[in-house]
Amino acid sequence: MRRGRLTPGAVRKWGFIASFLAAPLAIYIIFFVSPNLQALQLALTNSRGISPDFQYVGFENFTRLFGDEVFWAAVRHHGLILLVMPLVTIVIALFFSFLLNLGGGQRNGQLTGVWGSSFYKVVFFFPQVLAVVIVGVLFQAVLNPQKSGILNSVLGWFGVDPVGWLIKPDLALWTIIGVMVWQGVGFYVVLFSAGMAGVPKEIFEAAALDGANRFTLFFKITLPLVWNTVQVGWVYLGIAAFDAFALVQVLSIDRGGPDNATTVLPLEIFRQTFTYYRFGYASAMGVALVFLVLTFAALTLRVTRRERIEY
Amino acid sequence: MKTDTAPAVTPVRREVRPKAGKQSAGLLGGVSHVMLVLWTILTVTPIVYTFLNSFKTNTEIFGDSPLALPQQWGWGAWGRAWETSRIGEYLVNTVIVVAFSTFFTMLLGSMAAYVLSRYEFRGNRLIYTLFVAGLSIPPFLALSALYKVVDNVGLLGTHTGVVLVYVAYSMPFTVFFLTAFFKTLPTTVAEAAMMDGCGHARTFFQIMLPMAKPGLISITIFNVIGQWNQYLLPIALLPGDKQDKWLITQGIANISTSAGYEADWAGLFAALSMAIIPILIVYVIFQRQIQTGLTAGVGK
């Protein structure tokens, strides 16, 4: 690209580039970039609501945040979700995707999935297309603490007394995690299936021919070959662990209850913004959330980096 | 595929396989089928239960056998839900908003991605980074500030405001994905067209877009589902006094609260069913494309 010479062709090219970038950039900057930058600014103010009058208060919001019990409760909840939800989801999804792709034994010398694999994939994936809000309302009925709640009435057949899935403070967050797993598994079954389909069949067949049983087939061959996909899934689920907003807001008792037992940072940010109009404080909480998410992403990418297996 | 056409090969292999392995495989096969069926039941039950409950009375729903079939199959609750819950209105609103926002997301996103992937100019890298950096920022950081911005431009409580915000929030992923996609397409066809005197814009609309169709379809599905299911942005930007503007997710959350006050549980389940059925139908028809579209985002 030579500068300083404006041939008609160059003018046309620059005009084209500018005209194609103008609208997308303008919308993106006005409604995405600028709110995020303003949030960094608001975090240092005592802004309340949409009033333009506010003062800079330095790091006061952050000092208040670190003394806020609800904030720490939310951080602990993210920690628990982060430890449990991705692991459980991935283990179940790996198990199912292995069965659905390679668990059917040999047919005509080829490893196949179990009978009905494509049906199971269709059914398992469905919760993923439902809005989280719909899932939340569905599970209000499933997890109803009365004996008429669907889960409790099934347990009733086995003589188990009704359980207060969402009203017991010790249990509520685990229940929420369970619902997250319920919704997420199917997506990762399909994702890992795609990963397994990308591995040449000969590798599995050679192993099966050498007498490898299914456990060897799974742990020694399948898992290392789809490890990259698992890693990507892990990062996604980890980031999802810092959200959980819609589910907790719709499903939990008193929006984050009982007694803040299920609250998460996004919910607190929403509450500070739209219930108390503490825009400054909410933005400070937002900064803390971004910090946590980015720390998690950076750590995971560093820890799980591993040689890619070529095939 | 199902016809057994290779008897000549299989017997040899069968002899090689140890017999014990075969038996354990049979047992394991049984266990795995049980697990698969269990998960199927786990997935399907809440949805089937919702449909069934829309036909029941409150006494049936909260009675001794909540899992029984309804005694009478009447559509009463469906009629009530349609009239009082305004679910039809919310569905129409959502269709309008998502149609516009996905259209503009795809148009503007593919324009930006095309220029960023195919033209060298100063600032290209910077603009690309600006778009893609948005991928790592949770939407909650800017919640207060976004409310202020949308209020300042006078679009709070309007569908235009929601559409613009959806487009902006969908840009990072759309640009990221499509830039990578345009880079995989061969350059020769576009070059030949330009040689023949085809302009930049025309090359894009008539040659590059049709070539990019598979990528465009995947990412369109991704955006439609993402925007249809969006909950945070509507409740932030379409406040309670603008109920005629509400979107489906907002409506559903609200119905579940108000059903408690009015004790019309069958109505709640009917409204919920009305929200699920369109998605179920679309999913059953397009399930392959939907699965590819949604997983495409993670795979890249």
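Me: What helices and strands does chain A have in this predicted model?
Reply: Chain A has 13 helices and two strands.

Me: Why is chain A called more spread out than a compact globule?
Reply: Set its radius of gyration against the globule rule. For 311 residues the rule gives 19 Å, but chain A comes out at 25 Å, well over that, so chain A is more spread out than a compact globule. Along its principal axes, the C-alpha trace spans about 75 × 75 × 30 Å.

Me: How much of chain A is buried?
Reply: Buried residues make up 42% of the 311 residues. To be buried, a residue needs 20 or more other C-beta atoms within 10 Å of its own.

Me: What makes helix α12 of chain A largely enclosed by the rest of the structure?
Reply: Count its buried residues. The helix covers residues 265–274, and eight of those 10 residues are buried, so α12(A) is largely enclosed. Among the buried ones are Leu265(A), Ile269(A), Phe270(A) and Thr273(A).

Me: Why does Ser117(B) count as partly exposed?
Reply: It has 19 C-beta neighbours inside 10 Å. Buried takes 20 or more and exposed takes 12 or fewer, with partly exposed in between, so 19 makes Ser117(B) partly exposed.

Me: Where does Ser117(B) lie, and what does it touch?
Reply: Ser117(B) lies in helix α5 of chain B. Leaving out residues up to four places away in sequence, Ser117(B) touches Thr179(B), Phe182(B) and Lys183(B). Phe181(B) is 64 residues away along the chain, yet the two C-alpha atoms are separated by 8.8 Å.

Me: How do you know that α1(A) is oblique to α5(B)?
Reply: Look at the angle. The axes of α1(A), residues 8–42, and α5(B), residues 87–118, come within 9 Å and cross at roughly 130 degrees. Roughly perpendicular stops at 115 and roughly antiparallel starts over 145, so α1(A) is oblique to α5(B). The crossing is left-handed.

Me: Which residues meet there, and of what classes are they?
Reply: Residues of α1(A) including Phe20(A), Leu21(A) and Ile27(A) meet residues of α5(B), including Leu108(B), Met111(B) and Val115(B). By class, the residues of this contact are 11 nonpolar, one polar and no charged.

Me: How many residues does each chain put into the contact between chains A and B?
Reply: Chain B gives 83 residues and chain A gives 84. On the chain B side, the largest share, 17 residues, comes from helix α2 (residues 19–53). By class, that side has 56 nonpolar, 23 polar and four charged residues.

Notes. Residues are numbered from 1 along each chain as its sequence is written. Chains are lettered from A and ligands numbered from 1 in the order in which they are written. This is a predicted model: local features need pLDDT of at least 70, side-chain atom pairs count only at pLDDT 80 or more; totals for chains, interfaces and linings use all residues. Axes are lines fitted to C-alpha atoms, for helices over the stretch in contact, and angles run from 0 to 180 degrees between N-to-C directions. Helices (H or I, at least four residues) and strands (E, at least two) are DSSP runs, numbered from the N terminus. Angles under 35 degrees count as roughly parallel, over 145 as roughly antiparallel, 65 to 115 as roughly perpendicular and the rest as oblique. A crossing is left-handed if the near helix is turned anticlockwise from the far one by less than a right angle, and right-handed if clockwise. Two residues are in contact if their C-beta atoms, placed from the backbone, lie within 7 Å. Ala, Val, Leu, Ile, Met, Phe, Trp, Tyr, Cys and Pro count as nonpolar, Asp, Glu, Lys and Arg as charged, and the others, Gly among them, as polar. The radius of gyration is taken over C-alpha atoms; the globule rule is 2.2 Å times the number of residues to the power 0.38.
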